[in-house]
Amino acid sequence: MKVLVPVKRVIDYNVKVRVKADGTGVDLANVKMSMNPFDEIAVEEAIRLKEAGKAEEVIAVSIGVKQAQETLRTALAMGADRAILVVAADDVHTDIEPLAVAKILAKVAEEEGAGLVVCGKQAIDNDLNATGQMMAALLGWAQATNANTLDVDGDNAVVAREVDGGLQTIKVKLPAIVTTDLRLNEPRYASLPNIMKAKKKPLDEKTPADYGVDASPRLEVVKTSEPGSREAGEMVGSVDELVAKLKEKGVV
Amino acid sequence: MAVLLLAEINDGALAMDATAKAVTAAKALGDVTVLAVGATAKAAADEAATIDGVSKVLVAEDAIYGHRLAEPVSALIVSLAGGYSHIVAPATTDAKNILPRVAALLDVMVLTDVTGVVDADTFERPIYAGNAIQTVKSSDATKVITFRTSTFDLAGTGGSASVEAVSAADNPALSEWVEDKMAESDRPELTSAGVVVSGGRGVGSEENFNLIEALADKLGAAVGASRAAVDSGFAPNDWQVGQTGKVVAPDLYVAVGISGAIQHLAGMKDSKVIVAINKDEEAPIFQVADYGLVADLFDAVPELTEKL
Ligand SMILES: Cc1cc2nc3c(=O)[nH]c(=O)nc-3n(C[C@H](O)[C@H](O)[C@H](O)COP(=O)(O)OP(=O)(O)OC[C@H]3O[C@@H](n4cnc5c(N)ncnc54)[C@H](O)[C@@H]3O)c2cc1C
Ligand SMILES: Nc1ncnc2c1ncn2[C@@H]1O[C@H](COP(=O)(O)O)[C@@H](O)[C@H]1O
């Protein structure tokens, strides 16, 4: 079975985001970019499936600017076998919408004959939480989002999902899409030798047109603004003082 | 304009808070029809019919909808989509699972976690863990939206909309339910509670979380946690507050042993009053707290519980 892992290049989760003064977006020039953390978990899970003999090949795919090559090299260094970069934008500020991403990924999955797609539940830049579900819809496949555990067993996968009330376990027919939640695993770091080896692994470059997909957006960003900020309040010296303040405020 | 709103129903029971808040958001867009889906959904449908602003309720009762699996519910919504300009739901894990699938089947984008309605095509939503607010205008024929409930007021009740049965759609039969592990609790539900007490890595163990729970019980509060506390096994996953967990905006939020990473702040910074208890005076949580107490939580929390 081939496992496809979509990985997105996003602002590093430690970077403090700055909204551009003209309201056109968030400043991404010269900031540290990394693999979306949920996608690291996805790559890890796919590699573990391979190590367990349940997958033959792990293919990482990214859609975006040319620089996403680095993100794919990271996936290869972690242990993915090969990578596909779909260059869909020149400007690092262009975000390809999940619908277009899902259409491209669906074509890749079909072309490769993938038996499983493991992607992140959410990209930490747009916070949309949509691509996996959209891809499953386009392919007519089952979906199991927010995976806490994943067991591939023959023609099925059993997934415990993190849901509002706790955990829900479902069984999906393969091929399927699984999206990762934080507790699925702890991703490995790439070792130096593996980083070197990754440089020689195959990385194909494509365009949306190669897949017959129109990646133009459905949503127009009218503006991007700063959220209302919160002022720091006061420090209290003791529990008694805290209790008094809360009573004064009328919240207890 | 006509809006189809997927009600939040768990095991036949309507989640009134989430559903009625989504109705408030949806009312601004047009005439609201609620869709009640489940193995049993009639009682939930009758209850949804009382929400002010709902003009009609459709009820789809069928065993295939028993556990709100994404594929059959999406197929049902798509079969009903024809007359609606907007298909919406509260931003729960169930709806976030289903609505993007619906959107792709309709070949439209989805707007998730929407916090503001500018007009019928234009919406506000937080991005980058709430560090920026994006205003987006959709050119799609049907707008598919989940609303972040913590930012909308609860719609009242007293209405009496008509309730009509609709037939089930084809079941793609791609997935099946195996089991639920849902925590039973007498505490208020996290996203709708008036008071939330959350513990972080500083709490140290699952056992020590009793301190957090005792304070919560004293305040009639829900219990929350940081990601670090959940990852460490101190607290269950459904307690996680933050960018990739639940978003809460209670009257009072008490953060105990939580440093205040942006991913955590994303889930609680709209709370009315924030209290932080942390032994590190430099902890970033103090920058958003109304009242900060630098103290060891193992002293301060029991004392606070006792004195309240
Ligand atoms: C993709 C991604 C998604 C994420 N999503 C979320 C999310 O949704 N929610 C979330 O919370 N985090 C999330 N995080 C994690 C986030 O970045 C932080 O790592 C996390 O919030 C830290 O949790 P914490 O504050 O409990 O732990 P720490 O940062 O370790 O802080 C512990 C605090 O406890 C204090 N402390 C220790 N002992 C005591 C004591 N005895 N008395 C008083 N204080 C004490 C310390 O001073 C410290 O400030 C996410 C991260 C990533 C990468
Ligand atoms: N441009 C992209 N390239 C590759 N994978 C992506 C891209 N956008 C989204 N994804 C995948 O879809 C997941 C969810 O993203 P989103 O729906 O944007 O929140 C991510 O964690 C990735 O696995």
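This is a predicted model: local features need pLDDT of at least 70, side-chain atom pairs count only at pLDDT 80 or more; totals for chains, interfaces and linings use all residues.
This is a short talk on how chains A and B meet and on the site that holds ligand 1.

Let's start with the two chains. On the chain B side, 82 residues are in contact with 76 residues of chain A. Together they bury about 6,800 Å², and carbon and sulfur atoms give 56% of that. If you look at chain B, the residues that lose the most area to chain A are Met109(B), Tyr128(B) and Tyr291(B), which together make up 12% of what that side buries.

What about polar links? We get 47 residue pairs in polar contact between the chains, counting pairs with both residues at pLDDT 80 or more. There are also 6 salt bridges across the interface. One of them pairs Asp290(B) with Arg230(A), with the closest N and O atoms 2.7 Å apart. As for the make-up of chain B's side, it's 39 nonpolar, 21 polar and 22 charged residues.

Now, the ligand. Why do I call the site shared? Because the residues surrounding ligand 1 come from chains A and B. Chain A brings in α1 (37–51), and chain B brings α6 (227–231), α7 (262–265) and α8 (297–307), each with at least two residues in the shell. That shell has 29 residues, and Arg201(B) and Gln240(B) are among the closest. By type, we have 11 nonpolar, 13 polar and 5 charged.

For individual contacts, a polar side-chain atom of Ser226(B) sits 2.6 Å from a ligand oxygen, while Leu297(B) uses a backbone N or O atom, 2.8 Å from a ligand nitrogen. Overall, the protein covers 86% of the 990 Å² of accessible area that ligand 1 has on its own.

Methods
Residues are numbered from 1 along each chain as its sequence is written. Chains are lettered from A and ligands numbered from 1 in the order in which they are written. Side-chain values use heavy atoms; hydrogens and water are left out. A residue is near a molecule or strand if one of its heavy atoms lies within 4 Å of it. A polar contact is a pair of N or O atoms within 3.5 Å; within protein, one must be able to donate a hydrogen and the other to accept it, and residues adjacent in sequence count only if both atoms are side-chain atoms. Accessible areas come from the Shrake-Rupley method with a 1.4 Å probe; for residues, only the protein chains shown count as cover. Helices (H or I, at least four residues) and strands (E, at least two) are DSSP runs, numbered from the N terminus. Ala, Val, Leu, Ile, Met, Phe, Trp, Tyr, Cys and Pro count as nonpolar, Asp, Glu, Lys and Arg as charged, and the others, Gly among them, as polar. Contact means heavy atoms within 4.5 Å. Buried area is the accessible area (1.4 Å probe) that two parts lose on being put together, summed over both. A salt bridge is a side-chain nitrogen of Lys or Arg within 4 Å of a carboxyl oxygen of Asp or Glu.
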